[in-house]
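Thanks for coming. I'll take one chain today and walk through what its coordinates say. Have a look at the model first.

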Amino acid sequence: QLLGNQDHIKVELETLKKTYDSQQQKLEERVIAMGKELQEAKGAIGDTQHKLVEQSAVLLTSQSQLQEVEAENSRLQLRLKELNEEYRSRLAQYIRDVADYMDSKSSNAAGPSKAPADHAPMKRFVDSMLKDIRASYKSREEQLAGAARGYKKRLKNLVKKHENLLIAYGLQREQIRSLGSSNMDCGPAELHFSITDPELLTNTTRELNRLREEKAKLEMQLQELQKVVAGLLAFCGGESGGRQLDEEGWAEVRKQLREFTRTTQEDLEQERSQLLTRAVVAEEQVSELQEYTEKHLAR
């Protein structure tokens, strides 16, 4: 029967070979198509990276141009103030010259019999007018300076209140983390709510922001370590033994973390109190110098 079925076996082998060849050809075509798609994807990624680099360069250029424009704007504002002062002084001098000219013409027209009490009435009028203008300018400048000082003072008070709120928020997060489980969400880090405006940042605030940034990084590393330790404890122990070991291990970890947080927080609070004391003394000195300068600048 085997020898008699050789033709049938050959037909089956040919069919299998054709099927194999067709499937091999389809597979090769699919591999070629995937290779083309991969090359296109790589090209798209390269184009995206190139565009990203270009956009980063444009952003850096725009930032530098913005700084240059701000510096130029400050310079132009200072120049405008100087030109206004020069214009005011020249205008006052022109008015005095006109008054002197008018008084000289009137005295020449009246003759020598003119009484000396009525001499130079235009000059007296101009002097009184300029005196009133100077007084109005001075009162307006004092009013604007007082409003600016009040605004800065309120802004400093708001920044201090914001810092106190951030400190209280950080302490609350630590209490929640120490009392609750490791999976409890304590909210975003303090760095998320920190002030980033350069005009409002002091040296103390910059230092606190740097410490908050380091704390946020340490918290992220701690969360990753907690996940790794939980995986190792679940892999090493059984259901009951692993759970008990997990609770004991987390209790020890929480104890060490609370001790580390307490000591670190005490050091940071001492450093913060010292920095705040220095900042308050410096602010008082600056305010005294500003008041002295404003009072004696006109003199």
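This is a predicted model: local features need pLDDT of at least 70, side-chain atom pairs count only at pLDDT 80 or more; totals for chains, interfaces and linings use all residues.

Start with Arg79. Arg79 is partly exposed, because its relative accessible area is 43%. Its partner is Glu82: the two form a salt bridge, with the closest N and O atoms 3.6 Å apart.

How many salt bridges does the structure hold? Four. I'll go through two others.

Next, Glu72 and Arg75. Their side chains meet in a salt bridge at 2.3 Å, N to O. The spacing is three residues within helix 1, residues 6–110, so again we have about one helical turn between Glu72 and Arg75. Glu72 has 34% relative accessibility and therefore counts as partly exposed. Arg75 has a relative accessible area of 47%, so Arg75 is partly exposed as well.

Then Arg90 and Glu86. Here the salt bridge is 2.7 Å, N to O. Both residues lie in helix 1, and they are four residues apart, about one turn of the helix. Arg90 is partly exposed at 46% relative accessibility. Glu86 is partly exposed at 33%.

Stay with arginines for a moment. Arg88 lies over the face of Tyr137, 3.8 Å from the ring centre. What about ring against ring: how many aromatic pairs are there? The count is zero.

Now the annotation. The unreviewed UniProt entry places a "coiled-coil region" at residues 59–93 and at 201–228. How does the model treat those spans? Residues 59–93 are 100% helix and 0% strand. The end C-alpha atoms of that span lie 50 Å apart. Residues 201–228 are 93% helix and 0% strand. There the end C-alpha atoms are 38 Å apart.

Step back to the whole chain. The secondary structure is four helices and zero strands. Along the sequence the pattern reads α-α-α-α. Of the 299 residues in the chain, 11% are buried. Take the contacts between residues at least 6 apart in sequence: 59% of them join residues at least 24 apart.

On to helix 2, residues 121–179.

Which residues of helix 2 are buried? The list is Val126, Leu130, Val159, Glu163, Leu166, Gly170, Arg173 and Glu174.

Take Glu163. Glu163 has 6% relative accessibility, so it counts as buried. The cut-off for buried is under 20%. What does Glu163 touch, once we leave out residues up to four places away in sequence? Thr205, Leu208 and Arg212.

Glu219 sits in helix 3, residues 203–236. Its relative accessible area is 13%, and so Glu219 is buried. With residues up to four places away set aside, Glu219 touches Arg173, Glu174, Arg177 and Ala189. Ala189 is 30 residues from Glu219 in sequence, yet their C-alpha atoms are 8.8 Å apart.

Glu142 is in helix 2. Is Glu142 buried or partly exposed? At 48% relative accessibility, Glu142 counts as partly exposed. Glu142 and Glu294 are 152 residues apart in sequence. In space they are 8.9 Å apart, C-alpha to C-alpha.

To wrap up. The chain is four helices and zero strands. The structure holds four salt bridges, and the aromatic pair count is zero.

How values were computed: Residues are numbered from 1 along each chain as its sequence is written. Side-chain values use heavy atoms; hydrogens and water are left out. UniProt positions are given in the numbering used here, feature names are shortened, and annotations may be inferred rather than shown by experiment. Helices (H or I, at least four residues) and strands (E, at least two) are DSSP runs, numbered from the N terminus. Rings of Phe, Tyr and Trp (its six-membered ring) pair if their centres lie within 6.5 Å; planes under 30 degrees apart count as stacked, over 60 as edge-to-face and the rest as tilted. A charge sits over a ring if NZ of Lys or CZ of Arg is within 6 Å of the ring centre and within 35 degrees of the ring normal. Buried means under 20% relative accessible area, exposed over 50%, partly exposed in between (1.4 Å probe, protein chains only). Contact means heavy atoms within 4.5 Å.
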